[in-house]
Amino acid sequence: MDMHELDILPEGTTKIEALIEKYPLSFFNLANSKKPVMPCELSELAYLGDKIKGLNIILDNAEQYESKDLWPFIGLDYLQLSFSDTDVFFEDFGNLQNWLLNLDNLKAIYFPQIHEGSELTNLIIHSLSANKSYPLIVIYKAKKGKRVKQRNKEPTQIQAPGNRKIYRANKVELTPEGIKKIIAKDKKLSSAPAKELFFSGPLEVEDGEWLLDADGLFFEESEEIVVSLSGTDSLGNFNCSCRCYWQPDEGGFYFASRVPIKYTNYTTDSDFYMSIKFSEVKITNSGICYLKGVWLQSNEQWIIEGELSKNKFKTIAL
């Protein structure tokens, strides 16, 4: 791919047309431009959206009137993103999220000013990386950044699931060579202290053949979820807990195999096991965790799904 770096946004159609005439088969990267642009400033480049592979954007917030201007640019490889107002409503974020979910080719995102592990960045990372077959590179500024203001006093930090790797760097260049340098320095962040959202609620079982509840589910790492389940089937009441690991195949899913099932009516060394596959684990913009998957036991399988509500965090014993 023939990529040209642009330090500034071309002003006026004359300069843009001259650029395209000079490089008719090229792509353009504005992710490292000296000054971030508002979405409304991109209107003159909209017809070249498929040729723009990198943007440096600043948003007031995540409301619809801004995100609609970004829709021509869904083929991005690199994105530098900042906010002048980081106080974002969940319902407003849904508008920006629709655009983020369509950035299928994004390789790296850089937050030059937002605090790492904030509610806002975790929502963005989750949207961008949940179904990726390759890791999304997430980069924060190495020096201490501005913390995100919270509307709720209760911590609502989300340990974002998905296929991503997080780094911290003093100097960031969003190009293939620049990303390689950041990875080579091995400044990968360790996992943030657990302030995960903890979810629970009933699950629907295919055909309603038996009952199942998620007593607790939380994201412990970017590639792991821990879940505690209980229910009632033809053998009686049971419970089980497991750690499900992210599998990148088939579009990605969480999976745990040969999980012991403890039935109330049987001894602890009874030979009952199940495997579980979660094909969808999504945190909605209203704070609900939507869950869908398959329960496999005794050569049979059942589709399970449900919407889990947020609860206070507690430890699940495995």
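## Helix 4 and overall make-up

Helix 4, residues 119–129, is mostly covered, with 11 of its 11 residues buried. Buried here means under 20% relative accessible area, exposed means over 50%, and partly exposed lies in between (1.4 Å probe, protein chains only). The buried residues of helix 4 include Glu119, Asn122 and His126, as well as Leu120, Leu123, Ile124, Ile125 and Leu128.

The model is predicted: local features need pLDDT of at least 70, side-chain atom pairs count only at pLDDT 80 or more, and totals for chains, interfaces and linings use all residues. Residues are numbered from 1 along each chain as its sequence is written, and side-chain values use heavy atoms, with hydrogens and water left out.

The chain holds 5 helices and 16 strands. Helices (H or I, at least four residues) and strands (E, at least two) are DSSP runs, numbered from the N terminus. Of the 318 residues in the chain, 48% are buried. Among contacts (heavy atoms within 4.5 Å) between residues at least 6 apart in sequence, 61% join residues at least 24 apart. The chain exposes about 16,500 Å², of which carbon and sulfur atoms supply 48%. Accessible areas come from the Shrake-Rupley method with a 1.4 Å probe, and for residues only the protein chains shown count as cover.

## Aromatic pairs

A search of the whole structure gives 11 aromatic pairs. Rings of Phe, Tyr and Trp (its six-membered ring) pair if their centres lie within 6.5 Å; planes under 30 degrees apart count as stacked, over 60 as edge-to-face and the rest as tilted. One of the pairs, Phe238 with Tyr263, is tilted, at 5.6 Å centre to centre and 55 degrees between the planes. This pair links distant parts of the chain: Phe238 is in strand 11 (residues 236–247) and Tyr263 in strand 13 (residues 262–263), 25 residues apart. Phe238 is buried at 4% relative accessible area, and Tyr263 is buried at 5%.

Tyr266 and Phe272 form an edge-to-face pair, with 5.1 Å between centres and 70 degrees between planes. Tyr266 is partly exposed, at 37% relative accessible area. Ring pairs join Trp210, Phe238, Tyr263, Tyr266, Phe272, Trp295 and Trp302 into a cluster.

## Lysines over rings

A charge sits over a ring if NZ of Lys or CZ of Arg is within 6 Å of the ring centre and within 35 degrees of the ring normal. Lys51 lies over the face of Phe27, 5.5 Å from the ring centre. Lys277 lies over the face of Phe253, 4.5 Å from the ring centre.

## Cysteines

With a disulfide defined as a pair of cysteine sulfur atoms within 2.5 Å, the count is 0. Cys240 is in no disulfide, and the nearest cysteine sulfur, that of Cys242, is 6.2 Å away. Cys240 is buried, at 4% relative accessible area.

The sulfur of Cys244 has its closest cysteine sulfur in Cys242, at 3.8 Å, which is too far for a bond. Cys244 is buried, with 0% relative accessibility.

Most residues other than glycine have a negative phi. Ser298 has a positive phi, near 50 degrees, and is found in the loop between strand 15 (289–297) and strand 16 (300–311). Ser298 counts as exposed, at 58% relative accessibility.

Asn299 also lies in the loop between strand 15 and strand 16. Its phi is positive, about 65 degrees, although Asn299 is not a glycine. Asn299 is exposed, with a relative accessible area of 87%.
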